[in-house]
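Visitor: I am new to this structure. Could you take me closely through the place where the two chains meet, and then into what lies behind it?

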Amino acid sequence: MLANAFKTLALAALVVFPFAVSSPYYLHLLVVIMIYSVVTLGLDVVFGYTGEVSVGHAALFGIGAYTAGVLAFQLGIGFWWALPLGIVITAGFGALLALPALRVTGPYLAMVTLAFGTIVQILINEMTFLTEGPLGISLKRPVVFDWRPLADTLPFLKMSAKKMADVQFYYVVVIALVVTLVVISRLLASRYGRAFEALRDSPIACDCMGVSVYKHKVLAFVISAGFAGLGGVLFSYSELYIAPNNFGFDLSITFLLAVTMGGRKSRIGPIIGAAVVVFLPNLLADINMFRIAAGVVAVVAVAGGGIHMLRKPEQRARTAIPVALCLAFFVFAMFLERITDYKLTIFGMMILFVVFYLPNGIYGFLRAALPAGRTGGAVAGNEDAAWGTAAAASGGAALLQVDQILMQFGGLKALDRVDLSVRAGTVHGLIGPNGSGKSTMMNVLTGIYAPTAGGVKFLGQEVAGHTPSEIAGRGIARTFQNVQLFSELTLLENVMVGLQHSYSGSMADAALRTPRERREENAARDRAAGLLRFVGLDAVAHEEARNLPYGKQRLLEIARALALDPQLLLLDEPAAGLTAPDIQDLMRIIRKIRDHGITMVLIEHHMDVVMSVCDTVSVLDFGQKIAEGTPAVVQKDEKVLAAYLGGSHDTVAA
Amino acid sequence: MEILGQLIVSGIAVGMIYGVIAFGYQLTFATSKTLNFGQGEALMLGSLVGWSLVAVTGYLLMLPIVLAFGLLQGAIVERLGVRQAIKTKSEAGWIMATIALGIIFRNLAENIWGRDALKFPSPLPEAPLSFAGINVLPMELAIVVGAIAMMVAVEVFNRRSIYGRAVVATAGDRDAAGLVGVNTSLVITFSYALSSLAAAFAGVLIAPVTLTGATMGGVLGLKGFAVAIIGGLSSGFGVVVGGLILGITENLTGFYLSTGYKDVPGLLLLLLVLSLKPSGLFGKAAIKKV
């Protein structure tokens, strides 16, 4: 309610602004803030949600601007064509960068985008035949709609032709900002947003849920580039003159600073940040203004820090540092004589301060001061809705056939030519002492490792060497020995990440929230609620996953894996760390899953669990299979006893 | 043919400098999975400090002081920009912090040494030597020898000394090294110090051939990125080859195409290598652990 009122009010203020404030200077300033907001909102998708750093958004912004400039200058094509073309071309460049740079994890995207930023500036300078080089390109402001006849009846519309063009362009930018806000909000609230957050929390689990981390990171970057392009086109028509120097490295850093300072992972944060960085040059141009600003910051820091110290005395030392820094900064401002010389030093110090003492930004800081919004809550889950349509496998036939698998790490053979045959509809136990190769087997089966030799056939098709998300898509789901949840998502959202496969709509459906998207989202929500009900977690469905006790986290992993509609479910030590009553629950759940026709491979150290739920048990030791059979047979096997208790059969018997 | 030879020879000298910068990235990436986005500025500072000293002390006495300065500068970068970000496991944190420090260093250098390029006096004769019609500056030879000597010295230190083994152990597995008593955060500080030392050294090697000045760092730091990715962030040998490939390609592009486009092949090579072999030409693919 409150949020809606705020939105309406903000929009109304933007609409009446050109008539309330007559100064063209402030109109232009607001336009620039809105254009920067379009870019920073887009940047937040990459930087805030997926956690990748782009140091090249100024270049993408420049590509958008130059698309508009070149189209107008060389071909005489105007604003309305430049708008879509600028977005598409910039998104294309984004794909060109992201496709190679995101193949590896690490700081590669930052390195590549930094290089890209420099090269783009050089190319704009050099390719004079296209861009006029350092001379830059001038444009004419488009007049969309000639309202002069109308102005006779509505006196407040009376204005000069120039002002009319300015005001109209202002509204174009307002519309662009609103569209940006709506599209980004909807995308981030959809399965795409969930994937972006999930891949940051646990990339491996994300891949194993059939949600390709690589694909979604590239997607996020391309979306982000598209908005940078939109911002660029608007920028070229707001400034009416563009030159290569407008799009340098410092601007890229400014965008990053804006998102961080305003507050990542929010809509309002990047807008606050954009407003601050647009005012920043004005602030840094005048020494008196700068001194006043530094004084205000110091006063706020002392007040805020003082309150914080009173509330949490144990953090006194940690709070004192930023407060002291703010005071020192104020003293520095008083002694500073020529501010222009040290502009960049001040800029750099601001970045450092924000990164280390305001990591959640201004908005994050304010939100932390207010009472918490999202807390735990229940959903009404119907267990019958939980089960998908995956064909229940009939007993007997081999669902999974592992053939002479060899997994070598340097000289170590973690799996040494192991065969494994899992019959459909059964629970197949995989046991062995620590380091015997059980988890390696899991990782080979789910595509995290490509085996050195040998094959894995699932439903008669080879899966060894395929990517984890492909294998997950074919119907193999898993849980993890060291729990891999999407810790910042709620329980419900965790399960819904596993349900990505149930959507058939496109990204456009998600961005526009079409009826189809809503239908699919509701269906997924119901199923997720049902699955949570099945594992007994529906009462805390809206709690963040990281707040769950350990034993419940394991159950949530099972619910999430079931969301994939798997034919084969791999459980990696599901009972580890569970209390006795939790283990009883777990065994009940495992039996129920089997009753629904889902085949399972169970790695477990709790022998009572293994013995009571498994139909067949295979035993690994030092990467080799040493025994196989029914639990009762394996339990008495001499080699197994020797492997577990050490020594030869003789000592065990004695 | 002679022109081609000439272009290749002078490309080698520049390429070795790129290699040394990339080597600096490798040192810190190995121990902490982070690297200094202000590495070019470390080079620039070393070079300018050297420029101020060389008139007083001469080239040889200036070297150890510049190296010591590099160590100190690197340690400062790690303490101010990287340490806290590593603790909070924030990728964005260290990237932005090292960029910010780079901006600050550049701005301070502009205020101390001015904005103009400065001529660095050459310690060796400036008349070129001629081999089969190809001219080689004595300083270019010194660059190649000096760069290789420095990388070998660091490698020997890492393999032979107990301190070096602490570095290698931290690179292998930071947690395990910590458990056996290695002060891993000190090792990371040290790797940053070494990395800046390498950059500062590269700065005083290259300055007599090019010019020096507050803005020299940015582009060189970028070239180092390209080389580190082309050669592989985890391969010591790779950066030498990567540096040579880039240095020579740039010279050829500059001559046969246009000097304006000289910096473009770096990015293209970088994207190409990432598409074909993401771990770099000589890098090993990392094994994910679950």
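Guide: Buried area is the accessible area, taken with a 1.4 Å probe, that two parts lose on being put together, summed over both. Between chain B and chain A this area is about 4,200 Å², and carbon and sulfur atoms give 76% of it. This is a predicted model, in which local features need pLDDT of at least 70 and side-chain atom pairs count only at pLDDT 80 or more, while totals for chains, interfaces and linings use all residues. Residues are numbered from 1 along each chain as its sequence is written, chains are lettered from A in the order in which they are written, and side-chain values use heavy atoms, with hydrogens and water left out.

In residues, 43 of chain B are in contact (heavy atoms within 4.5 Å) with 52 of chain A. Polar contacts across this interface come to 5 residue pairs, both residues at pLDDT 80 or more. A polar contact is a pair of N or O atoms within 3.5 Å; within protein, one must be able to donate a hydrogen and the other to accept it, and residues adjacent in sequence count only if both atoms are side-chain atoms. On the side of chain B that touches chain A, the elements giving two or more residues are helices H3 (59-87), H4 (91-113), H9 (217-231) and H11 (264-276) of chain B. Helices (H or I, at least four residues) are DSSP runs numbered from the N terminus. H4(B) gives the largest share of that side, 16 residues. By class, the side has 30 nonpolar, 8 polar and 5 charged residues. Here Ala, Val, Leu, Ile, Met, Phe, Trp, Tyr, Cys and Pro count as nonpolar, Asp, Glu, Lys and Arg as charged, and the others, Gly among them, as polar.

The count of salt bridges between chain B and chain A is 0, whereas over all chains it comes to 24. A salt bridge is a side-chain nitrogen of Lys or Arg within 4 Å of a carboxyl oxygen of Asp or Glu. One of them joins Glu52(A) to Lys217(A), with the closest N and O atoms 2.9 Å apart. Glu52(A) lies in the loop between H2 and helix H3 (57-75) of chain A and Lys217(A) in helix H11 (residues 213-239) of chain A, so the pair ties together parts 165 residues apart in sequence. Glu52(A) is buried at 9% relative accessible area, and Lys217(A) counts as buried at 10%; buried means under 20%, with a 1.4 Å probe and protein chains only. Another salt bridge links Arg191(A) and Glu517(A), whose closest N and O atoms are 3.4 Å apart. Arg191(A) is in helix H9 (residues 191-201) of chain A and Glu517(A) in helix H22 (residues 515-534) of chain A, so this pair ties together parts 326 residues apart in sequence.

Last comes the nonpolar core. Such a core is a set of buried Ala, Val, Leu, Ile, Met, Phe, Trp, Tyr and Cys residues joined through side-chain atoms within 4.5 Å. The largest has 291 residues, and Tyr36(A), Leu234(A), Ile593(A) and Phe37(B) touch the most other members. Helix H2 (residues 24-50) of chain A gives the most to this core, 17 residues. Not counting residues up to four places away in sequence, Ile593(A) touches several residues, including Trp387(A), Phe534(A) and Met600(A).

Key
Buried < 20%, exposed > 50% of the residue type's maximum accessible area, 1.4 Å probe, protein only.
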